Amino acid sequence: MKLSRREKQADDAEVEAVVDDETAEAAARKGRPTPKRRDSQGKRGPVSAPKTRKEAVARQKQLAKEHRSAAKPRTVAEQRAALKRGDLSALPRRDQGNTRKLARDYVDSKRMLSNYLLWLFPVMIAGLALPVLQLIVLVVFLALLVEWYIVGKRIRAMALERYGEAQGGNLTIGFYAGSRAYLPRKWRLPGPQVERGDPI
């Protein structure tokens, strides 16, 4: 049976009325109509790329300042205590990474010629005045360089075997290890995590 034009319009009006009633009922259930996105998110300011390098640097500084103010800064004593514990979040950039951690553990678990470097400083200073001692100082420095190279090579090989990569070459890693080794254990930062003689 075919509906006339008037009947069709009446049916459409009834459907619209039902939909409006359902919408009003849903709005009444939650207490308010759904806000539009532009109203709920607020007005966004214009975002434009910096036109000059100076503007880019200024924006970067501002973002860094906001980031620093958001994070609670540590006091000097807290930073030192965190370094003594070996807290990863407190490590300076030069001490970060698996290779550097391995180098620290290697140095803390072994005896090296570099451990006695502080005792040799008076001899080195005297060697500047006495020509006889200059040769001894030169031999000591060459021995230290050889030791640092060998230690760096060992640590690098261990890092490659364990982690598949190593940060730096043999002398770079060896110099890092040597610069830690000449300090007494209680002065070392980050603090030693292994005892002397422990396997690493």
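Guide: This is a predicted model. In it, Asp 108 has a relative accessibility of 0% and counts as buried.

Visitor: What makes Asp 108 count as buried?

Guide: Buried means under 20% relative accessible area; Asp 108 is at 0%, so the term applies.

Visitor: Why is the contact of Arg 188 with Asp 108 called a salt bridge?

Guide: The closest N and O atoms are 2.7 Å apart, and the rule asks for a side-chain nitrogen of Lys or Arg within 4 Å of a carboxyl oxygen of Asp or Glu. The contact therefore qualifies. The pair links distant parts of the chain, with Arg 188 in the segment after H8 and Asp 108 in helix H5, 80 residues apart. Salt bridges with shared partners join Asp 108, Arg 180 and Arg 188 into one network.

Visitor: How do you know that Asp 105 and Lys 101 are separated by about one helical turn?

Guide: They are four residues apart in helix H5 (residues 98–109), which means a separation of about one helical turn.

Visitor: Why is Lys 101 called partly exposed?

Guide: Partly exposed lies between under 20% for buried and over 50% for exposed; Lys 101, at 31%, therefore falls in that class. Asp 105, at 11%, counts as buried.

Key. Residues numbered from 1 in each chain as written. Predicted model: local features only at pLDDT ≥ 70, side-chain atom pairs only at ≥ 80, totals over all residues. Heavy atoms only, no water. Helix = DSSP H or I, 4+ residues; strand = E, 2+ residues; numbered from the N terminus. Buried < 20%, exposed > 50% of the residue type's maximum accessible area, 1.4 Å probe, protein only.
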